[in-house]
Amino acid sequence: MPRTAFLFIALLLAASLAGAAETLDSIARIRALSPEEAAAAVPVAIEATVTFRNPTQPVLIADDGREGIYISLPPGEGADIATGARLRIAGVTAPGGFLPIIAARTVAILGTVPIPAPRRIDPAELFSPSLDCQWVQLPGVITGIDDPAALVLVAEISGYTVKLLLPPDPRAHERAAALMQQPVTIRGVLGSVFNSQRQLTGRHFFVPSFADIIPAETPTPDTAPPLRAINELLRSDATSRTRVRIRGIVTHASGDTLYVRGKSGSILIRAASTEALTPGVNIEAEGFAAVAPFRPILRATRITVLDTGPPPEPVPLDLSGENIVPQQSELVFLDATLLALRTGPTADTILQCRTGSWFFEALLPAGTAPPDSLSPDDHLRLTGICDLTTSQVLPFGKNADGFRLHLRSPDDIAILQRAPWWTLSRLLRALAAVGALACAALAWAALLRRRVTVQTQIIGTQIQRAAVKDERQRIARELHDTIEQELAGVSLQLRNARHRLAHTPEHAATALDLAERMLRHCREEARTSIRDLRSVALEQRGLHGALHEFLTPLAAECGAILKIEVLGVPHPLSGPVEIHLLRIAHETVANAARHASPTHIHVTLTYTPHTITLETRDDGRGFDTTATAPRGHFGILGIHERAGKLHAKLHLQSTPGNGTTVRVTVPTPPGTTPS
């Protein structure tokens with residue numbers, strides 16, 4: 001039993017040892033871990049050389065000869081560790097923010113050794129994520145000091161701006177000034193700027209010391225670089241690594257920016273400092289030419305004041321020629337109209353202006369304000385440095401199609417003429433007010449017109465009803481005054497005839513003949529009065545229904561087939577128009593039924609927004625329209641008279657044997673609404 005227990009304990013110990021995490025002994029294995037694996041605090045034991053150490057922070061970067069890594073030190077340790085120290089480091093892994101790092105538990109200094117030779121990389125590899133914490137070397141140009149207190153230099157590497165972080169140095173400003181605007185070789189550790197998703201968003205360098213920023217060329221005191229004209233820089237016989245000298249008069253100086261006018265043009269110079277340089281100073285600048293749009297710039301390593309004169313006068317900006325490149329970086333003036341004022345992203349004031357057909361921006365330095373009295377449409381004279389721009393892909397001289405003006409101060413703005421009181425904004429406000437009044441007037445007119453239309457319809461209806469009433473009363477009077485009297489006369493003649501039959505039979509025929517004529521006349525009068533009286537059908541069934549009621553009996557008399565058709569959207573008509581159209585249709589169908597013996601009669605009413613057309617067409621025997629109507633026949637004449645009262649167009653077409661077509665087109669009064 002004791003032997004069995006011993007074996008069991010041995011097996012448990014073996015399993016425990018087999019399950020223990022393996023200690024990582026190379027930086028490459030640590031960097032290969034995933035963030036989740038690195039977060040498991042895997043044991044680490046490595047030897048490496050410090051490639052960067054800032055004594056003010058509890059971190060360092062070390063390299064084992066193949067890879068580099070970021071290491072956090074235990075609290076209170078590492079004060080005596082410097083760049084070049086060989087260390088034995090024990091600790092655990094941590095995920096870090098970009099790649100895995102080492103959280104050191106113990107650090108032992110083994111000695112001081114030379115830093116491994118840096119890896120030479122191409123500028124195109126600058127943003128390769130795998131180069132994080134690697135000890136590298138590549139060319140660049142020192143362009144400025146970003147933070148003098150923390151000693152951060154600014155460098156330009158293959159067109160990219162990167163920051164160089166250096167440890168404290170008592171001679172930092174002196175050494176930084178000596179490197180300004182120079183091509184250099186930078187040796188340092190690549191640092192990464194990253195986001196919360198562990199993605200690379202930028203680069204910076206950890207540089208161990210100024211000794212790791214090596215100038216590309218060290219001038220000898222006895223040899224001065226060649227003196228060049230401004231328009232001779234970066235020609236085929238010179239490169240950006242060739243040190244040159246130029247001379248000219250300062251036209252503007254601000255910070256590290258200097259504009260100089262030479263005999264062959266003007267140029268922009270980047271310098272470490274321009275504090276002692278004012279417009280009018282004649283200088284000699286030594287440095288390296290660099291590529292820039294439209295004209296090279298000069299990165300000056302040394303500036304010598306030759307003499308001092310009056311400030312140079314600005315020259316007029318000439319935009320009339322095809323080649324405006326000679327005016328790049330020149331101190332110019334021009335007259336322009338102010339369009340608007342706005343604030344730029346760096347708190348500088350931007351004047352948006354127009355001169356001729358050119359639109360441009362004039363920029364005031366940050367911290368300065370334009371005159372308070374400036375307003376849009378002021379006519380100004382502006383003085384400043386011309387900076388050409390282009391909307392084309394390549395900045396050839398012929399592609400310069402725009403410019404900016406860098407004003408030196410608010411004094412470069414002169415008001416030539418105030419904006420007229422009628423500015424665009426005031427004009428727009430006035431037009432808006434007039435437009436509002438016009439809209440109100442139109443709305444009032446529309447409401448008034450609508451009200452007038454309603455009242456007109458009411459009045460028209462009342463007039464129509466009054467007219468119908470009057471017409472009925474007239475017909476009633478006619479029935480009383482004519483038909484009744486005629487019947488009374490017939491009665492008298494019949495009584496007379498009866499008397500004559502009893503006494504003088506030979507004279508009775510005369511009285512009977514007269515009574516017959518009187519009855520015939522009475523019948524015609526009755527028919528006319530009845531037709532007028534029956535126009536009440538227009539009120540009850542409309543024109544289409546009245547046509548059916550009036551024309552169907554006429555067609556039935558001659559055995560013809562009657563077809564009445566309505567085209568378009570019917571709309572209301574005045575009473576006289578409907579009555580006249582009804583009478584015209586009645587007359588034409590009656591004439592066809594009594595005189596033409598048709599088999600088909602087709603009546604069409606066509607409504608359009610502006611007209612109504614009545615057309616009657618039959619296939620009867622027709623007649624000669626040029627012949628004179630027989631005595632006592634007034635149908636065609638009546639149609640003409642009714643069409644004339646309606647101001648209508650009358651079309652009459654008929655030939656013997658081919659039927660007859662009568663078409664009447666009546667204009668519709670404006671404003672008639674389809675129903």
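**Entry 1: strand pairing**

Two strands count as paired here if DSSP finds at least two bridges between them. I kept that in mind while opening this structure, which is a predicted model.

I began with β9 and its parallel neighbour. Three bridges join β9 to β11, which covers residues 200–206, and the two strands run parallel.

Strand β8 spans residues 152–157 and β9 spans residues 160–165; six bridges join them, and they run antiparallel. Ala155 has Val162 as its bridge partner in β9.

What sits between β8 and β9 in their hairpin? I found two residues between the strands, and Ser158 takes a positive phi near 50° in this hairpin.

A reminder to myself for viewing these strands: side chains in a regular strand alternate between the two faces of the sheet.

**Entry 2: salt bridges**

How many salt bridges does a search of the whole structure find? My note says 20. I picked out a few to follow by eye.

I started with Glu330 and Arg261, which form a salt bridge with their closest N and O atoms 2.7 Å apart. This pair links distant parts of the chain: Glu330 lies in the loop between β18 (315–316) and β19 (331–343), while Arg261 is in β14 (residues 257–262), and 69 residues separate them. Glu330 counts as buried because its relative accessibility is 10%, and buried means under 20%.

Then I checked Asp387 and Arg404, another salt bridge, where the closest N and O atoms are 2.9 Å apart. Here too distant parts of the chain are linked, with Asp387 in β22 (residues 379–389) and Arg404 in β23 (residues 402–407), 17 residues apart. Is Asp387 buried or exposed? Asp387 has a relative accessible area of 18%, so I logged it as buried. Arg404, at 31% relative accessibility, I logged as partly exposed.

My last pair was Glu615 and Arg663, whose side chains meet in a salt bridge at 2.8 Å, N to O. Glu615 belongs to β27 (residues 611–618) and Arg663 to β29 (residues 660–667); the pair links distant parts of the chain, 48 residues apart. Glu615 is buried, with a relative accessible area of 15%. Arg663 is partly exposed, with a relative accessible area of 28%.

Definitions and conventions: Residues are numbered from 1 along each chain as its sequence is written. This is a predicted model: local features need pLDDT of at least 70, side-chain atom pairs count only at pLDDT 80 or more; totals for chains, interfaces and linings use all residues. Side-chain values use heavy atoms; hydrogens and water are left out. Helices (H or I, at least four residues) and strands (E, at least two) are DSSP runs, numbered from the N terminus. A salt bridge is a side-chain nitrogen of Lys or Arg within 4 Å of a carboxyl oxygen of Asp or Glu. Buried means under 20% relative accessible area, exposed over 50%, partly exposed in between (1.4 Å probe, protein chains only).
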